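Please look at the sequence and the structure below, and keep both in view while reading.

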Amino acid sequence: MTALLQTRALHKQFGGLSAVADVNLEIAAGEIHCLIGPNGAGKSTLFKLVAGTYAPSGGEVMFRGENVTHRKPYERVERGMSIKLQVPSVFRELPVAQNLEISLQRKASGAAMQREKRRLLELLQLQDDADRPAGILAHGQQQWLEIGMALALQPTLLLLDEPTAGMSPQETERTGDLITRLNGEGMTMLVVEHDMTFVRQIAQRITVLHLGRVFAQGSPEAIIADPRVEEIYLGKGHGH
Ligand code: ADP
Ligand code: MG
């Protein structure tokens, strides 16, 4: 297996709290890997360590065989990493097309950029909204626009933190189709998600995080059938 991304004993301390502790993760080139776990498990923190938003308290991040632990976020983007954060960060007052251009201009210019912009608008089914301010789009469409801004950076590895939050079941399914399609074109995906229907739709492998640590890892079938995994969700008070 070629690991595109590898974390080694990755650790993040916030005061007395180990938000991420001793995490060893291997993401193979070409896979869709889902990261699940109860609220507060450390999923978003792990993402920020991988993307370089946070410096780790310990451990290493390897990307394409290179130690990127001390690389800045933009240096990781240059090497083919792109992230959509949990909290949407589109420029609300700017038109949809211009939001895409802001990301696209880091990789292309002129006619090539215009072509790529049209391709993304079509892929995200935002053609009719290209000239509208991003802030007036439906929540699901804003999520897509943000995925588009991440795609504009032409990533090898796309990190998506809760891409379907606030989406209807139909929008969620379309997002799953989009992710599957991009993966079919060769993109590796690491996806944080709550919605297990969605995880079932897309995941090829799953890592369960609990209290900052890797709790379980395996195929979707194995994880869904694991009673210990259900317990940690129930233990957080869901369903009571
Ligand atoms: P998840 O995304 O799995 O819900 P997070 O990574 O957001 O979990 O949070 C993991 C733990 O770290 C939580 O207990 C959270 O309160 C804490 N935490 C996250 N970010 C910070 C921060 N910037 N400062 C202090 N504590 C934080
Ligand atoms: Mg989170």
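In this predicted model, helix H6 runs over residues 169-184, and at 1.5 Å a residue its 16 residues should span 22 Å, which agrees with the 22 Å between its end C-alpha atoms. Which residues of H6 are buried? They are Glu171, Thr172, Thr175, Gly176, Leu178, Ile179, Leu182 and Asn183.

The buried residues of H6 have several packing partners: the strands E3 (32-36), E7 (157-161) and E8 (188-192), together with the helices H4 (110-123), H5 (139-151) and H7 (196-202). After H6 comes glycine 186, which has a positive phi, near 110°.

We can now turn to ligand 1, whose surroundings include Phe14, Leu17, Pro38, Asn39, Ser44 and Thr45. Strand E2 (17-28) and helix H1 (43-51) each contribute at least two residues to the shell around this ligand, and H1 gives the most, with 3 residues.

Some polar atoms can be followed one by one. An oxygen atom of ligand 1 is 3.0 Å from a polar backbone atom of glycine 42, while a polar side-chain atom of lysine 43 lies 2.8 Å from an oxygen atom of ligand 1. A nitrogen atom of ligand 1, in turn, is 3.3 Å from an N or O atom in the side chain of tyrosine 54. Taken alone, ligand 1 exposes 560 Å², and the protein buries 61% of that area.

Definitions and conventions:
Residues are numbered from 1 along each chain as its sequence is written. Chains are lettered from A and ligands numbered from 1 in the order in which they are written. This is a predicted model: local features need pLDDT of at least 70, side-chain atom pairs count only at pLDDT 80 or more; totals for chains, interfaces and linings use all residues. Side-chain values use heavy atoms; hydrogens and water are left out. Helices (H or I, at least four residues) and strands (E, at least two) are DSSP runs, numbered from the N terminus. The expected span of a helix is 1.5 Å times one less than its number of residues. Buried means under 20% relative accessible area, exposed over 50%, partly exposed in between (1.4 Å probe, protein chains only). Contact means heavy atoms within 4.5 Å. A residue is near a molecule or strand if one of its heavy atoms lies within 4 Å of it. A polar contact is a pair of N or O atoms within 3.5 Å; within protein, one must be able to donate a hydrogen and the other to accept it, and residues adjacent in sequence count only if both atoms are side-chain atoms. Accessible areas come from the Shrake-Rupley method with a 1.4 Å probe; for residues, only the protein chains shown count as cover.
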